[in-house]
Amino acid sequence: MKSITEEMRYRQRLCEYALKHGVTKAARRYHTYRRFVYRQLKKYDGTVRSLALHSRRPKTSPTRAYG
């Protein structure tokens, strides 16, 4: 993913606010759950790229036929 999406910027602003003012205030200001804020803070390393969405598709499947 080369471009910085609007959602990534939103998550960065959320994390910055949470680090400065606390998780509860950030959740109330951005109309989301505290659990979501904690999840984003766990991923956040100071860059917008760390907050990018990744595919949830499994790389392998136990029922997939090989061959």
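# Close-up views

**View 1. Gln40 touches Arg11, Leu14, Cys15 and Leu51, if you skip residues up to four places away in sequence.** Touching, or contact, means heavy atoms within 4.5 Å. What you're looking at is a predicted model, where local features need pLDDT of at least 70, side-chain atom pairs count only at pLDDT 80 or more, and totals for chains, interfaces and linings use all residues. Residues are numbered from 1 along each chain as its sequence is written, and side-chain values use heavy atoms, with hydrogens and water left out. Gln40 sits in helix H3; helices are DSSP runs of H or I with at least four residues, strands are runs of E with at least two, and the numbering starts at the N terminus. Is Gln40 buried or exposed? Its relative accessible area is 2%, so Gln40 is buried. The cut-offs go like this: under 20% is buried, over 50% is exposed, and in between is partly exposed, using a 1.4 Å probe and protein chains only.

**View 2. Here is helix H3, residues 34-43, with its buried residues Phe36, Val37 and Gln40.** Why do these buried residues line one face of the helix? Looking down the axis of H3, they fall within an arc of 100 degrees, so they share one face. That arc is taken from the directions that run from the helix axis to the C-beta atoms. A handy rule: an α-helix has 3.6 residues a turn, so residues three or four places apart point the same way. As for the buried residues, their cover includes helix H1 (6-21) and helix H2 (23-29).

**View 3. This one shows where H1 meets H3.** The two helices pack at an angle of about 95 degrees, and their axes are 10 Å apart. The axes are lines fitted to C-alpha atoms (for helices, over the stretch in contact), and angles between N-to-C directions run from 0 to 180 degrees. H1 and H3 are therefore roughly perpendicular to each other. On that scale, under 35 degrees is roughly parallel, over 145 is roughly antiparallel, 65 to 115 is roughly perpendicular, and the rest is oblique. Which residues meet? H1 brings Arg11, Leu14, Cys15, Ala18 and Leu19, while H3 brings Phe36, Val37, Gln40, Leu41 and Lys43.

**View 4. Zoom in on Arg11, a residue of helix H1.** Arg11 has a relative accessible area of 8%, so it counts as buried. What does Arg11 contact, apart from its neighbours within four places in sequence? The partners are Phe36, Gln40, Lys43, Leu51 and Leu53.

**View 5. Ring pairs join Tyr10, Tyr17 and Tyr30 into a cluster.** The structure has two aromatic pairs. Rings of Phe, Tyr and Trp (its six-membered ring) pair if their centres lie within 6.5 Å; planes under 30 degrees apart are stacked, over 60 edge-to-face, and the rest tilted. Tyr10 and Tyr30 are edge-to-face, at 5.6 Å centre to centre with 75 degrees between the planes. Tyr10 is in helix H1 and Tyr30 in the loop between H2 and H3, so this pair ties together parts that are 20 residues apart in sequence. Tyr10 is partly exposed at 26% relative accessibility, whereas Tyr30 is buried at 15%. For Tyr17 and Tyr30, the ring centres are 6.0 Å apart and the planes are at 70 degrees, so that pair is edge-to-face too. This pair links distant parts of the chain, 13 residues apart, with Tyr17 in helix H1. Leaving out neighbours within four places in sequence, Tyr30 is in contact with Tyr10, Arg13, Leu14 and Tyr17.

**View 6. Welcome to the largest nonpolar core.** Nine residues make it up: Leu14, Tyr17, Ala18, Val23, Ala26, Ala27, Tyr30, Phe36 and Val37. H1, H2 and H3 are the elements that give two or more residues to this core. A nonpolar core is a set of buried Ala, Val, Leu, Ile, Met, Phe, Trp, Tyr and Cys residues joined through side-chain atoms within 4.5 Å.

**View 7. His31 is in the loop between H2 and H3.** Although not a glycine, His31 has a positive phi of about 55 degrees. With a relative accessible area of 74%, His31 is exposed.
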